[in-house]
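Student: I'd like to learn how to read a protein model. Could you walk me through one?
Tutor: Happy to; let's look at it together.

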Amino acid sequence: MALEQDQRNSEVLKREQSRLRNFIRRRVPDPRDAEDILQDVFCELVEANRLLMPIEHVTGWLFRVARNRIIDLFRKKKPESFSDIAVADEFGELPRLEDLLPSPDAGPDALYARNLLLDELELAIDELPEEQREAFVAHELDGRSFKEIAAETGVSVNTLLSRKRYAVLRLRERLQGIYDEFTKA
């Protein structure tokens, strides 16, 4: 009987692996995470068969388990602060805002999330007081140093640091709602 179950699992694996992998990859940008989820799904199928759990619609069950694993993955990932990820690559370049957002090629859900986040970020930045907005944009988005900005504007580095700090605090407060929506999903 166990041999028969293993054979059925093998058939399901061959039949559904490609569709399931594509389903997962459209929703998970990192290919390694996608492969881990795929393996977890098939391990759960084997475990369900070993425990003699009745599964009437195997294909639907597999996709439901995959969807649940994807949700688990996004819930587990801790948010990273920009300063944690802003490490220069081998060419000395810092990551751009584009690199921190979901990839537009990761499927319609990721594209929607990306556009929504960009729109909200743009609105939030526009709502900042002018001095805070200028300090934030010049440092974070234009990649200029505080010394450069100070030399150009005549404003002290400490004042620029303070303006940027207040801008970041306002942006966090303003964007908390959308962050909560994405982490609860």
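This is a predicted model: local features need pLDDT of at least 70, side-chain atom pairs count only at pLDDT 80 or more; totals for chains, interfaces and linings use all residues.

Student: Which helix holds Q132?

Tutor: Helices here are DSSP runs of H or I with at least four residues, strands are runs of E with at least two, and both are numbered from the N terminus. Q132 sits in helix 7. That helix has A135, F136 and A138 as its other buried residues.

Student: Why does the length of helix 7 make sense?

Tutor: The expected span of a helix is 1.5 Å times one less than its number of residues. Helix 7 (residues 130-141) has 12 residues, so it should span 16 Å, and the 15 Å between its end C-alpha atoms agrees.

Student: What does Q132 touch?

Tutor: Contact means heavy atoms within 4.5 Å. Leaving out residues up to four places away in sequence, Q132 touches R163, Y166, A167 and R170. Take Y166, which belongs to helix 9 (residues 157-184). Y166 is partly exposed, at 43% relative accessible area.

Student: What about K164: buried or exposed?

Tutor: K164, also found in helix 9, counts as buried because its relative accessibility is 13%. Beyond its neighbours within four places in sequence, K164 contacts A135, F136, H139, E140 and F146. For contrast, look at R172 in helix 9: at 54% relative accessibility, R172 counts as exposed.

Student: How do I describe two helices packed together?

Tutor: You give the angle between their axes and the distance between the axes. Axes are lines fitted to C-alpha atoms, for helices over the stretch in contact, and angles run from 0 to 180 degrees between N-to-C directions. Here, the axes of helix 2 (residues 31-50) and helix 3 (residues 58-76) come within 9 Å and cross at roughly 130°. That makes helix 2 oblique to helix 3; under 35 degrees would be roughly parallel, over 145 roughly antiparallel, 65 to 115 roughly perpendicular, and the rest is oblique. Residues in this contact include I37, V41 and L45 of helix 2 and W61, L62 and V65 of helix 3.

Student: And how many helices and strands does the whole chain have?

Tutor: The protein chain has 9 helices and 0 strands. Of its 185 residues, 26% count as buried. Among contacts between residues at least 6 apart in sequence, 57% join residues at least 24 apart.

Note on methods:
Residues are numbered from 1 along each chain as its sequence is written. Side-chain values use heavy atoms; hydrogens and water are left out. Buried means under 20% relative accessible area, exposed over 50%, partly exposed in between (1.4 Å probe, protein chains only).
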